[in-house]
Amino acid sequence: MSQHFLLSTAARTVSLKQILRMEEDEAWTLFCTIRWPETEGAPVCPHCGCPTCWSCPRPNGAPRFRCSACRRDFSPTSGTLFAFHKLEIRDYLAAVVIFCDEVKGKAALALSRDLDVQYKTAFVLAHKIREAMASEVKDLRLGGAGRHVEVDGCYVGGYVRSENRKADRKDLRLAENRSGRRQVVVVIRERALSGTSLGGTLPAVFASEDAATSFIRARVDRASTVHADEAPAWNALHARFDTRRINHSVEYANDEACTNQAESYFARLRRGEMGHHHRTSGVYLVRYAREASWKEDHRRDSNGLQLRTVLVLVTRTGPSVDFCGYWQRSRQSA
C-alpha cells in the first residue's frame with residue numbers, strides 16, 4: 001500500500017522553525033524574491049513600473065526604496081495585502097506557514113497566541129490571508145466538454161436552542177420558528193480527470209439553494225455534465241446542463257451520479273467550524289468557505305509550495321478595503 005502524500009517528506013518542504021530562525025533581512029529577501037521574480041528580487045516601482053530604484057532604508061533598518069523616475073518612496077509590501085504592516089515581515093511569513101499547515105482552519109485566538117499579538121491583530125491578519133486565497137477563484141469558471149461538475153448545498157448558522165420543557169418546544173422545521181440567520185454554502189466542484197491536477201472548487205453563500213441557480217449558470221460551462229442530489233432547487237439545472245441526480249435517501253452514489261467530492265468539501269468546512277472556529281459569523285461565512293476550498297484544491301501541494309502560492313496572491317492583491325483600519329470603523333465589513 002502506497003504512503004499517503006501528507007505522511008511523506010515531500011509534503012514538508014518548509015517548517016515554522018525555519019521561518020522563525022530567519023534573520024529579518026533573510027525574510028525580506030524571500031518576500032522580495034517572490035514579489036519581483038522577474039528581477040530576482042530587485043525592486044520595481046509599484047507606481048510607475050520603473051526598475052531603476054535605489055535603497056533608502058527606514059531608521060529601524062526596514063527596507064525602503066525610491067524610484068528614479070517618479071521619485072516616490074515604496075517598501076516591498078507597498079500596494080499589497082500586507083501594506084501598512086506593523087509587525088516584522090518574519091511574523092507575516094510565520095503566520096502564512098501556520099495558516100497553511102492547519103488544514104481545517106486556524107482560529108484567530110490560537111494564531112494570536114502563536115505570534116504573541118493581540119486577538120484583533122490576529123483576526124485581521126487571518127482574514128487578509130483568506131482574502132488572498134479567495135482572489136485565486138475570483139474569475140474561475142469550471143467544467144467543459146467531457147468534464148463532470150458536482151453541485152451541492154450545506155446550511156450553516158442560525159442555530160436555535162430548544163426549550164427545556166418538551167411542551168414548550170417548537171417545530172424548528174417551520175420557517176416562522178427559525179432565527180432567520182441560517183445561510184447555505186453552495187459549492188461547485190469539478191472532478192479531476194485521470195492523470196491531471198485536482199479539479200477546481202468554487203463556493204458561494206446564499207439565503208437558499210434556489211437563489212444559487214444563476215450563480216451556477218454563470219460559473220459552469222454549458223457543455224459540462226452536472227451531478228446534484230434530489231433537492232428540488234436543482235430541478236432548474238436540467239434546462240441548461242446534462243444533469244444527473246442521486247437520491248441520498250436511497251443511496252450515496254451509483255454508476256450514473258455522485259456528489260461525494262462536494263460532500264468531501266463540506267466535511268472539511270464542518271470540521272473547521274466545529275473544531276476550530278466554533279462559530280462563523282454570517283457576514284464572514286463566504287471567506288471561511290473560500291479558505292476551505294483553497295485548501296481542498298491545494299491539498300496535494302507541499303507546504304512550501306502553499307507558502308509561495310499564498311505570498312504570490314498577497315503581492316497581486318491590493319490593500320484590503322474591508323480590513324485596513326477594520327477596528328477603527330463602527331460597523332463590520334460586508
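## Second largest cavity

In this predicted model, the lining of the second largest cavity divides into 4 nonpolar, 2 polar and 3 charged residues. The space inside this cavity is about 30 Å³. Its lining is made up of Met133, Ala134, Glu136, Val137, Thr201, Arg290, Ser293, Trp294 and Asp297.

The most come from α8, which gives 4.

## Largest cavity

By the rule applied here, there are 2 cavities of 30 Å³ or more. The largest holds about 120 Å³ of space. Of its 15 lining residues, Lys104, Leu269, Gly272, His277 and Tyr288 are the closest to the centre. The elements that give two or more residues to this lining are α7 (260–277) and α8 (285–297).

By residue class, the lining of the largest cavity comprises 6 nonpolar, 4 polar and 5 charged residues.

## Nonpolar cores

The largest nonpolar core has 36 residues. Those with the most contacts inside this core are Ile19, Phe82, Val96, Leu115, Ile129, Val310 and Leu311. Two or more residues come from each of α2 (24–35), α3 (89–101), α4 (108–115), α5 (119–134) and α9 (303–316). The biggest contribution is that of α3, with 10 residues.

Leaving aside residues up to four places away in sequence, Val310 touches Val96, Cys100, Ile129, Ala132, Met133 and Trp294. Met133 and Trp294 also line the second largest cavity.

Terms used
Residues numbered from 1 in each chain as written. Predicted model: local features only at pLDDT ≥ 70, side-chain atom pairs only at ≥ 80, totals over all residues. Heavy atoms only, no water. Core = buried A, V, L, I, M, F, W, Y, C linked by side-chain atoms within 4.5 Å. Buried < 20%, exposed > 50% of the residue type's maximum accessible area, 1.4 Å probe, protein only. Contact = heavy atoms within 4.5 Å. 1 Å grid on protein atoms, 1.4 Å probe; cavity = no way out; pocket = protein on both sides within 12 Å on 5 of 7 lines; lining within 4 Å. Points joined across faces, edges and corners; volume = space filled by probe spheres on them. Nonpolar A, V, L, I, M, F, W, Y, C, P; charged D, E, K, R; others polar.
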